Amino acid sequence: MPDQAPAVILDGITKIYRLYQSPSEQALDVFGLSRLRFWRKPQYHDHAALQDVSLTVGRGERLGVIGRNGAGKTTLLKLITGNFAPTRGSVVVNGSVQALINIGLGFHPDFTGYENIRSSLVYNGLTRAQLNAAIDDIVDFVELDEYLHQPMKTYSMGMQSRLYFATATAIHPDILIIDEVLGAGDAYFSAKSADRMKRLTSTGATLLLVSHSMTQVLQFCDEAIWIENGRVMLRDKSLTVVNAYEKFISEMERRNCLLYTSPSPRDRQKS
């Protein structure tokens, strides 16, 4: 792989989900049994989570992804990780990917912090020397001390966030994907995380961060994209995109406020 090859290339990506009226309708269609009920068509409709999205992310870039719930942000990340296949278009990913999308995935609540760290690192195929160095790095970063000997189900959300993030970044992936997992961190941890991500990207790692916290996007990312209804509305410097998105949200809230406070035709007639 050439050093100058982009980390991620999405070309004309469309992802369509089939939404069913009931679980039984979905099961019949998935297993090809709908044809047995030839007198009744399956009850579903298609929903485009992403529509004709093209995106190139260079090596070492730190890109924020913002947008409202349901805009298509997580679908975009899962296409990059390979969890989903696009309905149309192509996805090219150059390098290893470490994703913190489903918080807690792969960590057992009854295992101690140490046990979860070790099992996660072994799963990623580290050698013994790499494993020991990574464990030392994680322990130093999380600063959980004796809590690492306790079951993870006793941890606060902030403590869990530290462990998830430190473990994911200890293996130095080519591409690091984070979806809201830093939300429970305090200011001190956010500052440490920012420094850790900057050091990763300075060595060529690429960061993709989804967050509803505009502060995090501005702190961690050089550029950002704004996704609305499955389409990329804007890509630019983080501050430019955040300002455009917040203006859009403010205008939407103002219109909704006017809609709810405007008198109805019947009220106007009474007045």
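The model is predicted. The protein contains nine helices and nine strands. Of its 271 residues, 39% count as buried. Among contacts between residues at least 6 apart in sequence, 72% join residues at least 24 apart.

**Lysine 15 in strand β1**

- K15 lies in strand β1, which covers residues 8-20.
- Although K15 is buried, it has no salt bridge.
- The nearest side chain of opposite charge belongs to D46, and it is 11 Å away.
- Leaving aside residues up to four places away in sequence, K15 touches H47, A48, A49, L50, T75, L79, F84, A85, P86 and T87.

**Helix α2**

- Helix α2 spans residues 73-81 and is mostly covered, with seven of its nine residues buried.
- The buried residues in α2 are K73, T75, L76, L77, K78, L79 and I80.
- Two of these buried residues, T75 and L79, are among the residues that K15 touches.
- After α2 comes G82, which has a positive phi near 90°.

**Phenylalanine 107 in a loop**

- F107 is placed in the loop between β5 (97-100) and α3 (113-123).
- F107 counts as buried because its relative accessibility is 16%, and the cut-off for buried is under 20%.
- When residues up to four places away in sequence are not counted, F107 touches N116, S120, M152, L163, Y164 and T167.
- One of these partners, M152, is 45 residues from F107 in sequence, while the C-alpha to C-alpha separation in space is 8.3 Å.

**Helices α5 and α6**

- The axes of helix α5 (residues 157-170) and helix α6 (residues 187-202) come within 11 Å and cross at roughly 10°.
- Because of that crossing angle, α5 is roughly parallel to α6.
- On the α5 side, the residues that meet α6 are S161, R162, F165, A166, T169 and A170.
- On the α6 side, the residues that meet α5 are Y188, F189, S193, R196, M197 and L200.
- By class, this contact has seven nonpolar, three polar and two charged residues.
- An α-helix has 3.6 residues a turn, so residues three or four places apart point the same way.

Notes: Residues numbered from 1 in each chain as written. Predicted model: local features only at pLDDT ≥ 70, side-chain atom pairs only at ≥ 80, totals over all residues. Heavy atoms only, no water. Helix = DSSP H or I, 4+ residues; strand = E, 2+ residues; numbered from the N terminus. Buried < 20%, exposed > 50% of the residue type's maximum accessible area, 1.4 Å probe, protein only. Lys, Arg positive; Asp, Glu negative; His and termini not counted. Salt bridge = Lys/Arg side-chain N within 4 Å of Asp/Glu carboxyl O. Contact = heavy atoms within 4.5 Å. Axes fitted to C-alpha atoms, helices over the stretch in contact; angles between N-to-C directions. Parallel < 35°, antiparallel > 145°, perpendicular 65-115°, else oblique. Nonpolar A, V, L, I, M, F, W, Y, C, P; charged D, E, K, R; others polar.
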